[in-house]
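Please read them with the structure open.

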There are 2 protein chains.
Amino acid sequence: MAERAATLRDVAERSGVAVSTASRALTKPGRVSEATAQRVLDAARELGYSASAAGRALSSGRTWTVALVVPDIANPFFFGVIRGTQSRLREGGYAHVLVDTEESVEAEERTLRSFRRSVDGVILAASRLDDESLVAWSADVPMVTLNRAFPALTCPSVVIDTPGGAVQALEHLTSLGHRRIAYAGGPRTSWSDGRRRAALTSAADRLGVEVVVLGPYAPQREAGSAAADAVVQSGVTAVLAFNDLLAFGILERLESRGVRVPDEVSVVGCDDVFGADLVRPSLTTVRAPLEKAGHHAADLLLASLDPVHPRIGAPVELPTHLVVRESSGPARS
Amino acid sequence: MAERAATLRDVAERSGVAVSTASRALTKPGRVSEATAQRVLDAARELGYSASAAGRALSSGRTWTVALVVPDIANPFFFGVIRGTQSRLREGGYAHVLVDTEESVEAEERTLRSFRRSVDGVILAASRLDDESLVAWSADVPMVTLNRAFPALTCPSVVIDTPGGAVQALEHLTSLGHRRIAYAGGPRTSWSDGRRRAALTSAADRLGVEVVVLGPYAPQREAGSAAADAVVQSGVTAVLAFNDLLAFGILERLESRGVRVPDEVSVVGCDDVFGADLVRPSLTTVRAPLEKAGHHAADLLLASLDPVHPRIGAPVELPTHLVVRESSGPARS
DNA sequence: CACCCCTTGGCAACCGTTTGCGCATAGTTG
DNA sequence: CAACTATGCGCAAACGGTTGCCAAGGGGTG
């Protein structure tokens, strides 16, 4: 390690001004004279100065850091989200702390507790927290939720309208002649899962088809085997899976059991994550605008963090649409 | 936002001790008496106290934060790595800042400059920096490189032996009767690409086969079209791609051109990222232990950051092996 | 009973930056 | 030419922890 890094004091000494002036020259354009500012800037460059985030955070109260909290970093659903938040946050000058709670409510609370004071805000993706905790935390730290509508209007949220897409999928399958359709559900703690379930059962009534709810299953490929077996067992002709990962697992299992897709069973996923068009048969799925969701979440947070006129934006709901590929087809008669 | 968060001073007052004692009670086990420690702990809990990272960083010089710098956050190669580093860093009590440089050398340097003072260390994955800059930066900030061997032994590194795996792939193809084999290369700035190229040409000599180097191509699916066309044009019977993403693109393009895989052309990828076993035909590929690589990188960094006896670990080279699936087969005769 | 050591906890300096306040100096006006 | 207003800059006090140093007190030993 080289000698200790240059501090603002070093810069000030080198340019022959007071520390306070150096600070202003670097951060408050127009607050010092042109000539002085230039001297300070030069000195800073020569010394390779860059401000200490800790010092700055301590005195100004702003850390220029945002935490993104996700339940499972291995889930490609969140890759898209991460990309979206990352690009916007960087544009806004914020650093990006990534936290994986591994689907644990305790880990989520622990994270919030420990980051509360060290970040300016939090993006909570697919939070497993209950309403009450959510409200409590949102009073403590600027927060935006993603795919978790907010009970009170105290904090902005962005939700992806996957239920709407799921209903589209149901209509698609119905029009292909399917009459009994399974829904392979996700974790019970998932708010999204509840919404989808409700939307599907009500749409099923309207369409005059039967929806068989299976699960809950972990939103992972491995869980697909059990789901596929349940699908076969239940005798439905089509299945809509909680997410694409589960759908992938179902496809694998059906193939290994010799059940042909879509001839015998149609399979539809949710999200359109990386890989949905690679698998064979390629997966019919409800496309969720993941990166865009990340953008909106970051934008909302940044708006509420604006030092001059912070504003809490209106909740955003992003539409989805069905992408029809090879894994869905006419019901076997 | 609620009233301001509790500080150490609040905790000290509530428990009737000095600030210094409160600090020690919370961070130096054994340094204060059992009874006092308990009082402080209780007070802290009652107030919902959690230490300010900024204050702590400023006085102790440690931020308990590590930056992970990747060239492209959209590349699933790095998902595995991120998971690996994330889990180890969290165990070690470190927070995880994620930075995407978008393959830009300038962004990489800018990142290092701005984070130098605000993180305890950096994991530099697939750095595009030249040797000289790398050495210079490693003197400034504790650093571990991933898939970028280090010129001097000043900083630990972990490299994945993909060249070894690529040679295995070449042998596999040779034993299947292929005599002219293409290598669809990656970005010229990629250190890994250079290594693979060298390993392949020397192995080709030994095996008595011809390797046709194509490219460079961007390590992305979209680049696969051009690569596939070049493959067809060159008249080889097999192609080894720089990474799986490129291989996916090649498979897609070959399929749409009506070239059968593996009957007419065998395709082999590198990395075995998420999706390699989903695509049809499933991809024969060189499996890189991504998560393990992340583990090692984090472990090495943590070891060099150890406050009591920091040690710079020996460079780690992780073996790879070929996973044979459906996309490779006997050469057409 | 005197001495010493060890445990415990307080004092205060320090980490690097921002910012409210006040003091010069220069420029403008009557 | 005096009085007043901008403008530019410096002083010093925060921000919230950590830690070296020291003093007081308690217990053990000769």
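**Notes on the predicted model**

1. In chain B, strand 1 (residues 65–70) runs parallel to strand 3, and the two are paired through four bridges; within this pairing, L68(B) has I123(B) of strand 3 as its bridge partner. As this is a predicted model, the pairing should be read as a feature of the prediction.

2. Strand 3 of chain B also pairs with strand 4 (residues 143–146) of chain B, again in the parallel sense and over four bridges, and here A125(B) stands opposite L146(B). Together with helix 7 of chain B, strand 3 and strand 4 form a β-α-β unit that is right-handed.

3. Strand 3 of chain B (residues 121–125) is largely enclosed by the rest of the structure, because five of its five residues are buried. G121(B), I123(B) and A125(B) point one way from the strand, whereas V122(B) and L124(B) point the other way, and all are buried.

4. N147(B) counts as buried because it has 23 C-beta neighbours inside 10 Å.

5. A second residue of this kind is E102(B), which is not a glycine and yet has a positive phi of about 50°; it is placed in the loop between strand 2 and helix 6 of chain B. E102(B) is partly exposed, with 15 other C-beta atoms within 10 Å. As background for both residues, most residues other than glycine have a negative phi.

6. Two cis peptide bonds deserve a look. In chain A, V261(A) and P262(A) are joined by a cis bond with omega of about 5°, and P262(A) belongs to the loop between helix 11 (244–256) and strand 9. In chain B, the bond from G215(B) to P216(B) is cis, with omega near 5°, and P216(B) sits in the loop between strand 7 (210–214) and helix 10 (224–234).

7. For chain A, the domain assignment gives domain 1 (8–51), domain 2 (65–160 + 290–318) and domain 3 (162–288), and the C-alpha centres of domain 1 and domain 2 are 36 Å apart. Strand 9 (residues 266–271) of chain A runs parallel to strand 10 (residues 284–287), to which four bridges join it, with V268(A) opposite T284(A). Strand 10 of chain A also pairs with strand 12 (residues 321–323) of chain A, in the antiparallel sense and over three bridges, and T285(A) has V323(A) as its bridge partner there.

8. Where do the two chains touch? Contacts link 36 residues of chain B with 36 residues of chain A, and on the side of chain B the elements that give two or more residues are helix 4, helix 5 (76–91), strand 2 (95–100), helix 6 (105–115) and helix 7 (131–140). By class, this side of chain B has 20 nonpolar, nine polar and seven charged residues.

9. DNA strand C is surrounded by 25 residues, the closest being L8(A), S20(A), G55(A), S59(A) and A18(B); elements giving two or more residues to this surface include helix 1 (8–15) of chain A and helix 2 (19–27) of chain B. The surface near DNA strand C divides into nine nonpolar, 13 polar and three charged residues.

10. Around DNA strand D there are 24 residues, of which S20(A), T21(A), L8(B), S20(B) and S59(B) come nearest, and helix 2 and helix 4 of both chain A and chain B each give two or more residues to that surface. Its residues are nine nonpolar, 13 polar and two charged.

Technical notes:
Residues numbered from 1 in each chain as written. Chains lettered and ligands numbered in written order. Predicted model: local features only at pLDDT ≥ 70, side-chain atom pairs only at ≥ 80, totals over all residues. Pairing = 2+ DSSP bridges. Near = placed C-beta within 6 Å. Nonpolar A, V, L, I, M, F, W, Y, C, P; charged D, E, K, R; others polar. Contact = placed C-beta atoms within 7 Å. Buried ≥ 20, exposed ≤ 12 C-beta atoms within 10 Å, placed from the backbone. Right-handed = clockwise from strand over helix to strand, strands pointing away. Domains from an automatic or database assignment.
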